[in-house]
Amino acid sequence: MDQLGELAALVGTANVITGNDAQGYLTDWRGRYSGSALAVVRPGSTQEVADVVKWCARHQVPIVPQGGNTGLCGAATPDDSGRALVLSLGRLNSVREIDTDNDTMVVEAGCILQTVQQTARDVDRLFPLSLAAEGSCTIGGNLACNAGGTQVLRYGNARDLVLGLEVVTAQGEIWHGLRGLRKDNTGYDLRDLFIGSEGTLGIITAATLKLFPLPVAQCTALVALQSVEAAVSLLSIARKGFGPALTGFELIAGNCLNLVTHHFPQQRMPFDGPSAALPWYALLELSDSESADHARERFETVVGDAIEAEVVVDAVIAENISQSKALWHLRESIPLAEKEQGKSIKHDVSVPVSSMADFVRTTNEAIQARFPGLEHVIFGHLGDGNLHYNIARGTAFSEDDLLDRQEAIYDIVHRSVHHYHGSISAEHGVGQLKRDLLDQFKDPVEMKLMRLLKQTLDPHGIMNPGKVVTPDAG
């Protein structure tokens, strides 16, 4: 029996995909990376995943795990050798258990994030992980890259929302770690090794997730600002005024909103007059446990105080759920509007909130000094220090001109991030995009430990090779 026949015997002929049918699995969402593969295999159970991994270990076939294929750093795309097997987890899409007394839910890795959210709502609970790709990304991919999203300020990253994991190791063994415990002090926390490892140490097949009470009411406001300094001041005011009820705080440059309304004219700028032309905006969300009236009263008080203190220029507070969704839709449409506009050079970075204004100012100045006329497209989760600091061609450059300057722009931005003691990847992961930068910007002892972990857990190097870490410092 040939290799494809052996794989078909493990997962069924219909779940071994080759040729033109495999093409959608071989290119990343941004179209930046493309590769080839021996086949795409779609196992239907954890045991089938383990059987496929054992087969790959026996034949020394590299494995590229893939969820919804919505990643932005090329972590789920094979190289062009054609040797690798793409292991798609889309068929592992069951919700195995919901425990409302323990506030946990056990889901398989292929569950769509939006499905997980809705399943929690159906039992009057909240699963708070939320991001633009939630209609197509999977929970396994979210955990593999430790996704962030819009509510990290209140609930933390994906890592903070997980109590236990089920993982298939590089040897094809199954770690049954789906414990629903909030306290388990019996040794090393293996869960945290696999979350954020991007499939390079093992394959997450299921997870025990934390659930939270549904808020009684949510209130959303878009405020207009003169500067990033004002946004940082407003964040401090909001934290003091709302406490843990503050669930979202997004910073948005004015040109980002203009980009959205240009490409999606059905959406509109909620401000008129001078307030519609300010350089910065912030989107705030409050989740209240009492009532909608109480939420709005708190919001009006805190935002009103910020306006009186001349921190905020103007504010629009959503009157209802529909208006709240419209404000969030503006924010969530920015990446799509960027894509409509053309290619850009993207950065997913984090710096301390206290350094954010200086970082934006000095990095903008450095970019303009080197390449006058490029456009800064800046937005992100100010509440947790995460910015999507993107550079577009503006009117002075063609797309080819922009891409020719890509490495120089990366260097300017990443050196600035490092100067402010930040991270060159905040929530998108490393993949192949940033792999070769880690030795430059991370502590050498840290890199040594990461390589030791990789070598120990995946001694034959078959788990998503070429992603996150290189085999050695060379």
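I began with the second largest pocket, which holds about 900 Å³ of space. For the search, a 1 Å grid is laid over the protein atoms alone; a pocket is an open set of points with protein on both sides within 12 Å along at least five of seven lines, a cavity is a set where a 1.4 Å probe fits but cannot get out, and lining residues have an atom within 4 Å of a point. Points are joined across faces, edges and corners, and a volume is the space filled by probe spheres set on the points.

I noted that the model is predicted: local features need pLDDT of at least 70, side-chain atom pairs count only at pLDDT 80 or more, and totals for chains, interfaces and linings use all residues. Residues are numbered from 1 along each chain as its sequence is written, and side-chain values use heavy atoms, with hydrogens and water left out.

**Pocket lining**

I found 31 lining residues for the second largest pocket, with Gln218, Glu285, Ile321, Ser324 and Lys325 nearest its centre. Two or more residues each come from α3 (113-122), β12 (217-225), α9 (292-308) and α10 (321-332). Helices (H or I, at least four residues) and strands (E, at least two) are DSSP runs, numbered from the N terminus. Which element gives the most to this lining? It is α10, with six residues.

**Cavities**

I then searched the whole structure and recorded two cavities of 30 Å³ or more. The largest has a volume of about 60 Å³; its lining includes Leu259, Glu338 and Arg393. The second largest cavity holds about 30 Å³ and is lined by Leu222, Ile252, Leu257, Leu283, Leu327, Leu330 and Arg331. Here too α10 gives the most, with three residues.

**Sheet**

I looked up an open sheet of four strands, in the order β1-β2-β4-β3 with mixed pairing. Two strands pair if DSSP finds at least two bridges between them. The edge strands, β1 (16-17) and β3 (63-66), each pair on one side only. β3 runs parallel to β4 (residues 85-88), joined by four bridges, and Pro65 stands opposite Leu87 in β4.

**Whole chain**

I counted 16 helices and 19 strands in the chain. Its C-alpha atoms fill a box of roughly 75 × 55 × 45 Å along the principal axes. The radius of gyration, taken over C-alpha atoms, is compared with a globule rule of 2.2 Å times the number of residues to the power 0.38. For 474 residues a compact globule would have a value near 23 Å, and the chain's 23 Å agrees.
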